[in-house]
Amino acid sequence: MKTETSAVNINRNIGDFFYPEAHVRDAGAGLSEKTIQYISDVKEDPDWVREFRLRGLKTFLEKPLPTHWASKDLEAIDFDKIRYYLAPGTAAKRSWDEVPEDIKRTFERLGIPEQERKFLAGVEAQFDSEAVYSNIKKAVGEQGVIFVGSTEGLKNHPEIFRKWFSKVIPVGDNKFSALNSAVFSGGSFIYVPPGVKVKHPLQAYFRINAENFGQFERTLIIADEGSEVTYMEGCTAPKFNTPTLHSAVVELVALKGAKIQYITVQNWASNVFNLVTKRGLAQENAEVKWIDCNIGSRLTMKYPSVIMKGRKARGEVLSIALANDGQHQDTGAKMIHAADETTSNIISKSISIGKGRATYRGLVHVPKHLKNCKNNTECDALLINATSRTDTYPAITVRGTGNAVQHEASVSQVSAEQIFYMQQRGLTEAQAMSLSVNGFVNDLVRQFPMEYSVELKRLIELEMEGSVG
Amino acid sequence: MRHDSIVLDEAIESGSTNVPRAILSGPTRSGNFPDWFHDQQAAAWKQFQALPNPTRKDQAWRFSNVGVLDLAPFKLGGALPDKERNAILEQSRGLDQVAARLIFAGDQLIERDVVSDQLKKRGVIFQPLERAIVEHRELFRKHFMSQPAILGSAKFAALHQALVSSGTFLYVPRGVEIELPIEIFHWLHGENASVFPHLLLVTDELAKVTVIESFRSLDQQAPGFACGVNDLITGPGAKVTYICAQDWGSNVVALQMNTTIVDHDASAMSLNLHLGGKYSRFESLSRLIGEGGRSDLLAISVANGAQEFDARTLQDHVSPHTASDLLYKNALDARARTTFGGLIRVEPHAHFTDAYQKVRNLLLSDDSEANSMPGLEILADNVRCTHGATSGQIDKDELFYLRARGIPIPVAQRLIVSGFLNEVIQRLDHEAIADHLRRLVDDKFANG
């Protein structure tokens, strides 16, 4: 398309609002051992957590920024100006009535009506770094499912928590997982007992609402043998003048025959650095599926991974990225095959608008002596404007016979013919463009659970609003 | 075709440094080159020393076994006894019919069959480097090492420039079509010997030429080092076909940096056949700088034993309305490793680009390893860019079909692999060269 970018001009001001900050606990700006001690003191961490944090800090300081392969934009993060911990000083809430009024208003602006949530199994909303709202439907609790904040998880369920915590993503995995290990707060801990199938998706909303404040939630989900669970995470954030950092770590453990589905809709403000490490471990016959949708942020670097450790384990990543002016969506997937007959599937779709840049970075690894492993990777990129950019950087290693790996990628633009055809039938150029983009991602969006696909479609429509002129 | 012995003797004298010395002692000013060339060599040497050694952490060297790149044992120069020289001449068998031929042994020109008088009269220049430097200074200087090595081997391109002592300069003027291929041989001889093969091919508007370069070792077991550069400048509307048939001895470490410039309405096709060497890295950059340009990049690797082949490519679409098509196929046996790192880059404003990239790995053993990194960087819209990478093994049904017809497993396997590779060779559309390449592949299968 030749239209200049008034074209698909995304209105970033929607969701651009915040309320007076009332933080009781604040670790101040900058990162030092003192900061870590302060966080541990406030959170009343057990000793092993305090040591873990200090180890994370040491590793973080030792590791260089990965700019030899990643965007130089990372150098714009001023780690000394970031506040690494603050909490509203309120205990986690159990019922909707107890939620402060201004927070409720925030949710309303996000378009998540109270009513909708009643249909959801549990809501865990994160306002700044502590969970201020968490509601687990009685039925889920009765099934023995644990759904709490990570702090509560490590204190009240150490026997399960400690066994898996940081086992899927070690402290030193990368610079930002080390940072998270040092200062983590918030996030969810979920344990699903053997054979329990959680019917409704568990859901959490995250928001940042303090300038220069980075959010470092830590989520650990364990699905015991034969169980099934779906977790959803959605993010929006108000806009600030100085860069904000979000660096989460999410670990999933699917034991024998279990299924975990993890859904993310990321819509951070366009000044947020979103550097997230997500990895799942799938035992025999287990399945880990990441559904990842990135719409906001200044720079997102996120490559959900699955380690298929048991026979017949399955891994899947479905990813949608939308990059507009000033945005770089550097997303992808990693599939590590570590047992026979493991299969993985990656489908990635990206849309670059204006001067936006979308990058797919992938890794598929099939080591020696494995039999009948299969990987399928498909990456499609759509370019809207002449100044848009897209990149694809996969890395595939296959050893030995008996495995099949295929990778395919294509880059295209919305065809002038398509737009012309729709205009002939009375649609405006903007409507035609919006329809084309929706068609491009439709087969992926359809894979989202109902509630989310509706929400996602709304989000995409919102993004395309006031677009082509 | 005429044997040109006068030039031959000159060349031998100019290149005769009979006392071998270490590569790492750097360039000397003892050759017959003009001062400006020596100055360039000295500058390149400084650059070589200043640039860091590659590590696996460099994206351009990811998966690559950089440990083999220790240059300390390798030497420059050395005598060529008559017996060896005769053996090389005897074994320099390639195509039956060629327009001209150069044979280099240890970077010394040992035989030269020049182009016909008719082609000479029309302005075709086919000379060893050291003569072109003097006789066609302006043209040579304009193009020699004019393309920076941007695919990881800047250090080794500098090394090449510092130590290059001979090579080929081929210039095809406007409208001249050379029907028969031009053939060039580069031989390594002696223990720990090194060569720095160079080819500079410049074609003017509407010219047409095919060049085949063969790289071989006299002693199959002798360790050696090769560090070559070839620059192919394809003028407007010109058609260049370049074939590299690499069959170094089994203990050779080889690096080759290729740059192809494709001007408007020009067409460049390259085919790289990799058979020999312990470690062989080939960097191939194709820059499409004019509308209507087209570049075909083809490669075949047959890897066995503990061989490692490392291919890095860049299809750089600078101008709108350009096309490129890459097809790389690897057949891997035993403990062999291959790496493919390729990128299609569509520069801003290079609209209407049509680019394709495909790498296919056929794994024949449990210990072989294929790494693929097919990449895209698209900075313009209105393009069609696709890439694909597959890794798999011989289809059991195909094998069964052949066995059911009484063909033993090893033969059936070889047939299937040949068929797999043949798709690439056929793309050349040149029967004589295709036959020659198929023979080389068959020889490799036969000799293990």
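Predicted model: local features only at pLDDT ≥ 70, side-chain atom pairs only at ≥ 80, totals over all residues.
Another helix pair in chain A is formed by α2, residues 47-62, and α8, residues 175-183, whose axes come within 7 Å and cross at roughly 150°. Because angles over 145 degrees count as roughly antiparallel, α2(A) is described as roughly antiparallel to α8(A). The crossing of α2(A) and α8(A) is left-handed. From α2(A) the contact draws on A:F52, A:R53, A:G56, A:L57, A:T59 and A:F60, while α8(A) contributes A:K175, A:A178, A:L179, A:S181 and A:A182. Six nonpolar, three polar and two charged residues make up the contact of α2(A) with α8(A).

Chain B also has a helix pair to describe, made of α2, residues 35-50, and α7, residues 154-163, with axes that come within 8 Å and cross at roughly 150°. The helices α2(B) and α7(B) are therefore roughly antiparallel to each other, and their crossing is left-handed. The residues in contact are B:Q40, B:Q41, B:A44, B:W45, B:Q47 and B:F48 on α2(B), together with B:K155, B:A158, B:L159, B:Q161 and B:A162 on α7(B). By class, the contact of α2(B) with α7(B) holds six nonpolar, four polar and one charged residue.

| Helix pair | Axis distance | Crossing angle | Handedness of crossing |
|---|---|---|---|
| α2(A) and α8(A) | within 7 Å | roughly 150° | left-handed |
| α2(B) and α7(B) | within 8 Å | roughly 150° | left-handed |

Chain B can also be viewed by its domains: domain 1 takes in residues 1-240 + 251-269 + 284-289, domain 2 takes in 294-314 + 325-393, and domain 3 takes in 394-448. The centres of domain 1 and domain 3 of chain B, taken over C-alpha atoms, are separated by 31 Å. Between these domains of chain B, six residues of domain 1 are in contact with four residues of domain 3. The residues on the domain 1 side of that contact divide into three nonpolar, two polar and one charged.

Two residues lie between the strands of the hairpin, where B:G106 takes a positive phi near 55°.

Turning to the interface, 35 residues of chain A are in contact with 36 residues of chain B. On the side of chain A, the elements that give two or more residues are β21 (374-383), β22 (389-399) and β23 (404-413), and the largest share of that side, eleven residues, comes from β22(A). The residues of chain A that touch chain B divide into 15 nonpolar, 15 polar and five charged. Strand pairing also links the chains, for β23(A) and strand β23 of chain B, residues 384-392, pair in the antiparallel sense over seven bridges. Opposite A:V411 stands B:C385, a residue of β23(B).

Key
Residues numbered from 1 in each chain as written. Chains lettered and ligands numbered in written order. Domains from an automatic or database assignment. Contact = placed C-beta atoms within 7 Å. Nonpolar A, V, L, I, M, F, W, Y, C, P; charged D, E, K, R; others polar. Axes fitted to C-alpha atoms, helices over the stretch in contact; angles between N-to-C directions. Helix = DSSP H or I, 4+ residues; strand = E, 2+ residues; numbered from the N terminus. Parallel < 35°, antiparallel > 145°, perpendicular 65-115°, else oblique. Left-handed = near helix turned anticlockwise from the far one by under 90°. Pairing = 2+ DSSP bridges.
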